[in-house]
Amino acid sequence: MAIRPVLRMGDPRLLRVSSPVAQFDTPELHALIADMQDTMRALNGAGLAAPQIGVALRVVIFGIDHNPRYPDAEAVPFTVLVNPLLTPLDAVTEDGWEGCLSVPGMRGLVPRLKRLEYSGCDQHGARVHRRVDDFHARVVQHECDHLDGILYPLRIRDLRHFGFTAELFPGQDLQEE
Ligand code: NI
């Protein structure tokens, strides 16, 4: 399909609340997801939300292969999630470093729920339901925030823990979400 330009922080379209998808298994939805996949792969991202390519619909994709350069980052299966619903399992949060394709070259320390349940549908309308923790839980929270117009810098508690990746993590080539 096509690699689409990713909107960057400052573009007002990233601040919109997106609408639910009403119909599944349509050519339009399949084309959107194909473009999102192409774009995420081209930029080596860990996830992408439809608003990041200017489409105000509640669609996210995410997934990372295990990368031997980052043995601590667990693999997350490639997932298409439409109309997601996140349900906390408890109030335990954990700080972790995040990046975003809409905030290129930067990292921030963001508190997220450590574990949660999520549900929704795939592009065919089949139910998706998982209980996840750690990095998988972080990625899904980051991506779903985009659907409500929230970029990760808005969640940083101490802005001293926000900066350029090259300065924060010299010599590392980190993936963006
Ligand atoms: Ni992002």
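This is a predicted model: local features need pLDDT of at least 70, side-chain atom pairs count only at pLDDT 80 or more; totals for chains, interfaces and linings use all residues.

**The sheet, the metal site and the cysteines**

Modeller: Five strands form an open sheet in the order S1-S2-S3-S6-S7, and their pairing is antiparallel.

Colleague: What makes strand S1 (47-49) and strand S7 (127-133) the edge strands?

Modeller: Each of these two strands pairs on one side only.

Colleague: How do you know that S1 and strand S2 (residues 59-64) pair?

Modeller: Pairing requires at least two bridges. S1 and S2 share 3 bridges in the antiparallel sense, so they meet the criterion. Within this pair, Leu-48 has Ile-61 of S2 as its bridge partner.

Colleague: Which residues are called donors of the nickel ion, and why?

Modeller: A donor atom must lie within 2.8 Å of this metal. Cys-100 (SG), His-142 (NE2) and His-146 (NE2) coordinate the nickel ion at 2.1 to 2.3 Å, and they therefore qualify. Along the chain, the donors follow the spacing C-x41-H-x3-H. Cys-100 belongs to strand S4 (residues 93-100) and His-142 to helix H2 (residues 134-147), so this pair ties together parts 42 residues apart in sequence.

Colleague: Why is Cys-100 called buried?

Modeller: Buried means under 20% relative accessible area. The value for Cys-100 is 0%, so the residue is buried.

Methods
Residues are numbered from 1 along each chain as its sequence is written. Side-chain values use heavy atoms; hydrogens and water are left out. Donors are N, O and S atoms within 2.8 Å of the metal (3.2 Å for Na, K and Ca); water is not among the atoms, so sites may look incomplete. Helices (H or I, at least four residues) and strands (E, at least two) are DSSP runs, numbered from the N terminus. Buried means under 20% relative accessible area, exposed over 50%, partly exposed in between (1.4 Å probe, protein chains only).
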